[in-house]
Amino acid sequence: MMKLMLPEKSYDKLLNELDDQSEGMMISAIMDDQTQSAKLETEFMREFQRSTGEETIFDIESLNIDLVKSVNTLTINIVATILVTFAAIIVLISLIVIRFRVSSSIEDGMVNIGVLKAIGYTSRQILLSIILQFILVSLSASIVGIAVSYGLMPFFGEIISSLSGLIWSQSFDITMNLVSIFFVAFCVITVTLLSAITIRKILPVSALRGGVKTHNFRRNHFPLEKAKGSLHFLLAMKSMLVHAKQNIMILLITIALTFASIFSMVLYYNIASDKTAFINLFGSEPANVYIMVQSDANIKELMSNFEKMDHVEKLSIFDLIQTKIDGQTAYTNVTEDYDQLENNIVYEGRQPKYENEIAISWVISSQINKEIGDTVELKYGNETGNFLITGLSQSIGNAGQIAALTMEGMQQLHSNYQGSTLYVYLDGISNKDFIDNVQEEYGGAIAEMLDIDENIESQTGMYTAAVFAVMLMVLAITVVVVVMILYLVIKTVIIKRKQEFGVMKAIGYSTIQLMNQISISFLPVIITGVVIGGLLGYFFTNPILSVLLSSAGVKRLDFIVHFPIILMVCVGILILAYIVSMFVSRKIKKISAYGLMAE
């Protein structure tokens, strides 16, 4: 709906040019208890029917605050749900990194731990010192993170404003900030405690030896004298097996980032590129032109005339009326043959074919506790009838409160019902030209016409902008996390293997060869993570989106999961990982046998 405000002179001019059909009255009720708005709406409509004596109501529309709030917050909830889900993935990745960092700190400081234990410090005191270190860092980072989030809030506020049509009002929420800090701190404490608890088992003698026990024999994977293949490849594989824990960490992070990237890309593709599945979610019929005829016009005669017009592929009566199903409000579609429609929103069972059948949404089904095969009472105006449920449907339009009835079924309640809305499918002519032709020839019988394609394009534009912003954010964070994780891990590897790399340089290995060894040692892990993440994205994007959108009326989602998109994301992450690993490995250039001997 649009509200236009005009100066008095312009308003008077508009008023004089409008005909009687444009006159109307709007009644707005402000309630003490907003939860009773739907009940008031129902009672008002019933009283209006009783006072006017009309069996059906064509010239009155009503909205209640619950329905309006549901519709206006739907897309915001989708974006918010995606952001919260991705935030959870980032928190999970951070905890994995913290566990790796704690384990590395214990290994690097093993001798210091042995010294502390030898002079009388208890395992508990050492453990608390490590936990305190990470808690102070996490609290400082949380405060910085909150400050950055408030800095970026206006950007997201603009997105929310474009989706809802409401002005974004930013405020400082101390409760939410404290909850976020507490949650992050609790997760950090838990992971740090579980990771550092091994300190209790470390004996001072073992710690002073650097963690080496009396014997420490491991299987020699890829023995160089027997294994076949490139020497650099074999050394890389040996390095990969030796550092199994850190590779498991990289594997889990790669899986999560690949899945999150594919998830956002699939969402963007279906909302910005191929919109068919997204539009079908709203229960809309993807025709080209919408025509509402005058109440006194002969719709059958108009259909016959339209069918004879050039470039008309087909047309269908497709009404949307408000009914009651076992006392629940339902927005019910009425058409002659549902097989002629392009969008079948029934996901279980089938659309109605006969006059005693009805399909209802799963939202209504759960409200009235009835399934396929049960009978429901349908009320339209003052007439009621019993209908058999043949299918369950889904839609995020009209808050999921939808149903479907055949024209013959509708005529069981209202014998004179003929329908008032036509959906026209065109081929070889622009929608605008067709609308002009109809207006010129049959304008007197037409109440309203709408270019459906143009309407869908304008309405989905705001969704496209919002999801594009979310996708860019997800991809940007993915790149940052990949760079940071590989930097952290490779830097740790270089420090731990500094002497080994110095010896290898002394016997003739070049810097580029050692860099390739490090990069190759990570590639199998990253490839495995990318493949698993890609498969999860391919098979589980739709099920997860279905769960996220279930509150909006979606039960089963069929978004297009375009394989080239998945392949592009996977290859991109692999290339990024290899480039970053090679770049970070350049630190090996500073290592020399002479420098190690001088140290």
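## Ground rules

Helices (H or I, at least four residues) and strands (E, at least two) are DSSP runs, numbered from the N terminus. By that scheme, Ala244 has its place in helix 9. Residues are numbered from 1 along each chain as its sequence is written, and side-chain values use heavy atoms, with hydrogens and water left out. This is a predicted model: local features need pLDDT of at least 70, side-chain atom pairs count only at pLDDT 80 or more, and totals for chains, interfaces and linings use all residues.

## The whole chain

The protein chain contains 19 helices and eleven strands. Of its 599 residues, 42% count as buried, where buried means under 20% relative accessible area, exposed over 50%, and partly exposed in between (1.4 Å probe, protein chains only). The chain exposes about 34,000 Å², and carbon and sulfur atoms supply 60% of that area. Accessible areas come from the Shrake-Rupley method with a 1.4 Å probe; for residues, only the protein chains shown count as cover.

A contact means heavy atoms within 4.5 Å. Among contacts between residues at least 6 apart in sequence, 78% join residues at least 24 apart. Ala244 is partly exposed, at 38% relative accessibility.

Helix 14 has twelve residues (431-442), which at 1.5 Å a residue should span 16 Å; its end C-alpha atoms are 16 Å apart, in agreement. The expected span is 1.5 Å times one less than the number of residues.

Which residues of helix 14 are buried? They are Asn431, Phe434, Ile435, Val438 and Tyr442. They cover an arc of only 100° around the axis, which puts them on the same side of helix 14; the arc is that of the directions from the helix axis to the C-beta atoms. An α-helix has 3.6 residues a turn, so residues three or four places apart point the same way. The buried residues of helix 14 pack against several elements, including strand 1 (289-293), helix 11 (299-307), strand 10 (421-426) and helix 15 (452-496). On the face turned away from the buried side, helix 14 carries the exposed residues Lys432 and Glu440.

## Charged pairs

The structure holds six salt bridges, each a side-chain nitrogen of Lys or Arg within 4 Å of a carboxyl oxygen of Asp or Glu. One of them joins Lys275 and Glu457, with the closest N and O atoms 3.1 Å apart. This pair links distant parts of the chain: Lys275 sits in the loop between helix 9 (244-273) and helix 10 (276-281), while Glu457 is in helix 15, 182 residues apart. Lys275 counts as buried at 12% relative accessibility, whereas Glu457 is partly exposed at 48%.

Lys300 pairs with Glu336, the closest N and O atoms being 2.2 Å apart. Because Lys300 lies in helix 11 and Glu336 in the loop between strand 4 (328-335) and strand 5 (346-349), the pair ties together parts 36 residues apart in sequence. Lys300 is partly exposed at 37% relative accessibility, and Glu336 is partly exposed at 39%.
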